[in-house]
Amino acid sequence: MNAQPFPIRFKLTHPGDQSLHAKLEWFLHQPGIILAAVEPLQGGTVSELHISRKGVILLSGEERLRFHPSMALLRLMNLERGQADRFLGATGLTPGDALLDATLGLGTDALVAAFAVGPQGSVVGIEQAAILAALVKDGLATLGARHDVVGVSAAKAKAWVGLFEAAPRIQVCWEEHGEFLKNLGDQTFDVVYFDPMFRRTRTKSASIRPLHAYAEHGELTRETIAAACRVARKRVVLKERKGSREFARLGFEVVESGRYSQVDYGVIESD
Ligand SMILES: C[S@@+](CC[C@H](N)C(=O)[O-])C[C@H]1O[C@@H](n2cnc3c(N)ncnc32)[C@H](O)[C@@H]1O
C-alpha cells in the first residue's frame, strides 16, 4: 500500500514565539502532513503535535511520543567500550558503506548505522508513516541544538558527539519501501535492512507502545525482499522476533541469535 497523508492538529505552547511558528510551518510543509479539521470526523481521535521551546511531542489520547535517541546513545557508549552491537554484526557495516534502512521507525538503528559508516558513508531511512518521518527528520536536524553535553560523564559526552555527527548522514524519506525499492537501480546500496513491526505486540512495553499507534503493521512481501536483494551489493538483513517463521518464509538465514534476546537477525547474502 502506498504511503497515506496524515491529518494532524497543532498546539504552540508560546503562540507569540516566532520560532515556534517557523517550526509549525516546517511541519506543515513536510510531505504527507496535512492540517486536520477542527473536529475529528466520526468521533475519532486526531493526533496533536505540541510544539514548545523544548521540542516537539506527538499526543494521541493518553499516548505521548517524542523523538529521543536514548537507546542509540547507550549503544554508542557500549561500542566505545569495545562491546559488540548485534545489529552492526548482522549488517556487517563498515566505514564508507551506504545503508538503506527500509523501516526507519524512530531512527535508533539508523543512528547507530550512521555512526558506524562514518563521514564517508550514508544512510537513507524509509518510513511509511508520514508523521513519524517528519518527527524523526526534525529530531535528527535539531539533535545537537536540543542536547548539551555539559556536566555529563566523558563517555556519555563522547557518545553524544558521535550522535551529533552521525545524525546529518541520515536522509529521511516518507515512502512505502516496496515502492521505493522498485525505483532503485541494481546494487545501489551496500546493505538493505528491515525491522518490521512484530505481528504480536507486547503492549506492556511503554517505549514501543506509542509508536504502534502510528506505525505501519503490514507484512513484508517476497516481492519486496526480491527487490531488496537486487538493490543490495552486500546483503539484506531482517530483524524479527526470536523463532519467527518470517525468516524461513522470506528466505533469510538466522545469523545473530542472542541467547537472552527476544529478537534474531537473518541475512541474505548477495551473490
Ligand atoms: C519496528 S519499527 C523500526 C524501528 C527502527 N529500526 C528503530 O531503530 O527505531 C518499524 C517501522 O517501519 C515502518 N514501516 C512498516 N512497513 C513499512 C513499509 N512498507 N514502508 C516503510 N516503512 C514501513 C513502520 O511504520 C515503523 O515505523
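This is a predicted model: local features need pLDDT of at least 70, side-chain atom pairs count only at pLDDT 80 or more; totals for chains, interfaces and linings use all residues.
**View 1. Where domain 1 meets domain 2.** Here 15 residues of domain 1 are in contact with 13 residues of domain 2. On the domain 1 side, the elements giving two or more residues are β1 (6–12), β4 (55–60) and β5 (63–65). Which of them gives the most to this side? That would be β4, with four residues. Sorted by class, the side of domain 1 that touches domain 2 comes out as eight nonpolar, five polar and two charged residues.

**View 2. Helix α2 and its buried side.** Zooming in on α2 (residues 70–80), you'll find Ala 72, Arg 75 and Leu 76 buried. These three cover an arc of only 100° around the axis, so they end up on the same side of α2. What covers the buried residues of α2? Look for α4 and α7 (154–166), which are among the covering elements. Just after α2 comes Gly 82, with a positive phi of about 90°.

**View 3. Helix α4, buried from end to end.** How many of the ten residues of α4 (residues 108–117) are buried? Ten of the ten are, so α4 is largely enclosed by the rest of the structure. The buried residues include Thr 108 and Asp 109 as well as Leu 111, Val 112, Phe 115 and Val 117. Ala 110, Ala 113, Ala 114 and Ala 116 are buried too. After α4 comes Gly 118, whose phi is positive and near 70°. α4 also shows up in the previous view, as part of what covers the buried residues of α2.

**View 4. The shell around the ligand.** Of the 20 residues around the ligand, which come nearest? They are Thr 103, Gly 105, Thr 108, Gln 128 and Ala 215. Thr 108 is also one of the buried residues of α4. At least two residues of the shell come from each of α4, β7 (122–127) and α8 (177–182).

Terms used
Residues are numbered from 1 along each chain as its sequence is written. A residue is buried if 20 or more other C-beta atoms lie within 10 Å of its own, exposed if 12 or fewer, and partly exposed in between; C-beta atoms are placed from the backbone. Two residues are in contact if their C-beta atoms, placed from the backbone, lie within 7 Å. Ala, Val, Leu, Ile, Met, Phe, Trp, Tyr, Cys and Pro count as nonpolar, Asp, Glu, Lys and Arg as charged, and the others, Gly among them, as polar. The arc is that of the directions from the helix axis to the C-beta atoms. A residue is near a molecule or strand if its C-beta atom, placed from the backbone, lies within 6 Å of it.
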